[in-house]
Amino acid sequence: MRYEIHSIQQIGSTNTAVKELAKSGAPEGYVLVADAQTEGRGRLGRSFYSPAGSGLYTSILLRPQASVSPAALTCLTAVAAADTIFSFGQSCSIKWVNDLYCHEKKAGGILVEGALLPSGGYSYAVVGIGINLSLPVSIPTDLQSVLTGVFPFSTDAAFRDRFLRRLCDAFFTYYDRLPAITFWERYHALQNCFGRKVRFHMGETEAFGIAESIDREFRLIVRTDSGTVALERGEVVFV
């Protein structure tokens, strides 16, 4: 798969911009990267802190020919991002379903959006990736205890672009093999929640359990006092 990277200094949200480009007929492999976002978004309607000079904020436009689920795309992207971090000599783990962790704190996340077809496939999909390559100089008080940077040094635009190209190479290596899910074992091995007590929601009900494994549909298997559950979406919190 060929991809083409387009850079911009600042934007509201790379995902929002690429979704509009998708509707206008932009081709698969269009990659938009920004130095800063003013309206960065994460999963579950949350904002994503996206200051200039320290992060990678990028979105990739896809037009999948094979049927692929949002969960599979999210997990594929998480593995590609983790592989890229390891290739630069840093360690990384994944917190189900989409969070990248370094040094026991969150260093990045993934947001997959798009237009689904009645058949269940995508008309287009936009994969948003946000990674703190280095620790931002100024972090909001409420995020200081949970965020970190991947690298223990400042990163500039040239480093970011080198990281992005390696990330795109890793991403499309897995993507081009779809519908074969060649990344499941790697995703499973990178999980940081197995054996840990977690809090989660089932509908409006809060529940607790021990995270045990990931099944082939990328559901998190949690053992609770009343039995085993398979979480398809949502978030778990370590307790």
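Student: Which element gives the largest share of the lining of the second largest pocket?

Tutor: This is a predicted model. In it, β6 supplies six residues, the largest share of that lining. Two elements give two or more residues each: α2 and β6 (105–116).

Student: How many residues line the second largest pocket, and which lie nearest its centre?

Tutor: The lining counts 22 residues. Nearest the centre are P70, A71, T74, E232 and R233. The volume of this second largest pocket is about 530 Å³.

Student: How do the lining residues divide into nonpolar, polar and charged?

Tutor: The lining holds 11 nonpolar, four polar and seven charged residues.

Student: Now the helix. What span should α2 have?

Tutor: Start with the general idea. An α-helix has 3.6 residues a turn, so residues three or four places apart point the same way. Now the case here. Helix α2 covers residues 70–87, which makes 18 residues. At 1.5 Å a residue, α2 should span 26 Å. Its end C-alpha atoms are 26 Å apart, so expectation and model agree.

Student: Is α2 mostly covered or mostly open?

Tutor: Mostly covered. Of the 18 residues in α2, 14 are buried. Just after the helix, G89 has a positive phi of about 90°.

Student: Back to β6. In what order do the strands of its sheet run?

Tutor: The order is β1-β2-β3-β7-β6-β5-β4. These seven strands make an open sheet with mixed pairing. β1 (4–11) and β4 (93–95) are the edges; each has a single partner strand, so one side of each lacks a neighbour in the sheet. On average, neighbouring strands are turned by 20° against each other, direction ignored.

Student: How many bridges join β6 to β7?

Tutor: Nine, and the two strands run antiparallel. β7 spans residues 122–132.

Student: Which strands does β10 pair with?

Tutor: β10 (residues 220–224) is joined to β9 (residues 205–214) by four bridges. Five bridges join β10 to β11 (residues 227–231). Both pairings are antiparallel.

Student: How many residues lie between the strands in each hairpin?

Tutor: The hairpin of β9 and β10 has five residues between its strands. In that hairpin, F218 takes a positive phi near 65°. Two residues connect β10 to β11 in a hairpin.

Student: How many residues of β10 are buried?

Tutor: Four of its five, so β10 counts as mostly covered.

Notes. Residues numbered from 1 in each chain as written. Predicted model: local features only at pLDDT ≥ 70, side-chain atom pairs only at ≥ 80, totals over all residues. Heavy atoms only, no water. Expected span 1.5 Å × (residues − 1). Buried < 20%, exposed > 50% of the residue type's maximum accessible area, 1.4 Å probe, protein only. 1 Å grid on protein atoms, 1.4 Å probe; cavity = no way out; pocket = protein on both sides within 12 Å on 5 of 7 lines; lining within 4 Å. Points joined across faces, edges and corners; volume = space filled by probe spheres on them. Nonpolar A, V, L, I, M, F, W, Y, C, P; charged D, E, K, R; others polar. Pairing = 2+ DSSP bridges. Axes fitted to C-alpha atoms, helices over the stretch in contact; angles between N-to-C directions.
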